[in-house]
Every structure is written in C-alpha cells, then in structure tokens.
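Please look at the sequence and the model together, and keep both in view while reading the report that follows.

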Amino acid sequence: MQCTSCGAEIADKAIVCYRCGAPTAIPAAPKRQQTAPAARRRPGWTLVVVALLGALMAVLGALVPQTDAGGGARTGLYAALAVTGVVLFWTLLRRR
C-alpha cells in the first residue's frame, strides 16, 4: 500500500505512514451499546391525581359539619377523609 500523503510504500495494516506520519485511514469509532430507552413517566398524571384527591378532601371536609353528630354519616365522612388523605400522601411519596 502507498501513503496518500508522501507516496512511500507502507504495510497494508499500518495505521500511520512510517515516513511522514500521516494517518493511513480514519479509525472506526467505537460502537455504542444500545440500551433500552428508560421508561418515561407522565408528570401530569400525578398532578391530576393529587388535584382530584385534594378536591375530594375539600368536599368531604365541607360536608362533615352538615351531618348529625350522632349519625353514622359523620363517621363515614371521617373514614373517607382518612382514606383519601392516605392515598394522597402515598401518591405524593411515590412521585419522588
């Protein structure tokens, strides 16, 4: 093989010319390993869930004073508030 820069005879597997130092070929770039794309999270979905749960807590909290103190409705509203609060807290923790 001949050097394209100076014309000297060089070995076929030579990386550079022995006479002038010119590269004989551009080295191939190392191959990248293809990795699976990371799963994308929907940032808006969590925000919607938090907003809906917050609105549900507000509605349930507004209904508590309007129920009879001795009835089971107040206990049910408190239970629904507690469950909604736990789910809201869990959703916020999971978002991180």
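Leaving aside neighbours within four places in sequence, V64 is in contact (heavy atoms within 4.5 Å) with R74, L77, Y78 and L81. V64 itself is placed in the loop between α1 (43-63) and α2 (72-95), where helices are DSSP runs of H or I with at least four residues, strands are runs of E with at least two, and both are numbered from the N terminus. V64 counts as buried because its relative accessibility is 7%, buried meaning under 20% relative accessible area, exposed over 50% and partly exposed in between, with a 1.4 Å probe and protein chains only. The C-alpha atoms of V64 and R74 lie 5.9 Å apart, although ten residues separate the two along the chain.

This is a predicted model, in which local features need pLDDT of at least 70 and side-chain atom pairs count only at pLDDT 80 or more, while totals for chains, interfaces and linings use all residues. Residues are numbered from 1 along each chain as its sequence is written, and side-chain values use heavy atoms, with hydrogens and water left out.

The protein as a whole can be described by a few values.

| Feature of the protein | Value |
|---|---|
| Buried residues | 18% of the 96 residues |
| Contacts joining residues at least 24 apart | 28% of contacts between residues at least 6 apart in sequence |

When residues up to four places away in sequence are not counted, A14 touches M1 and T24.
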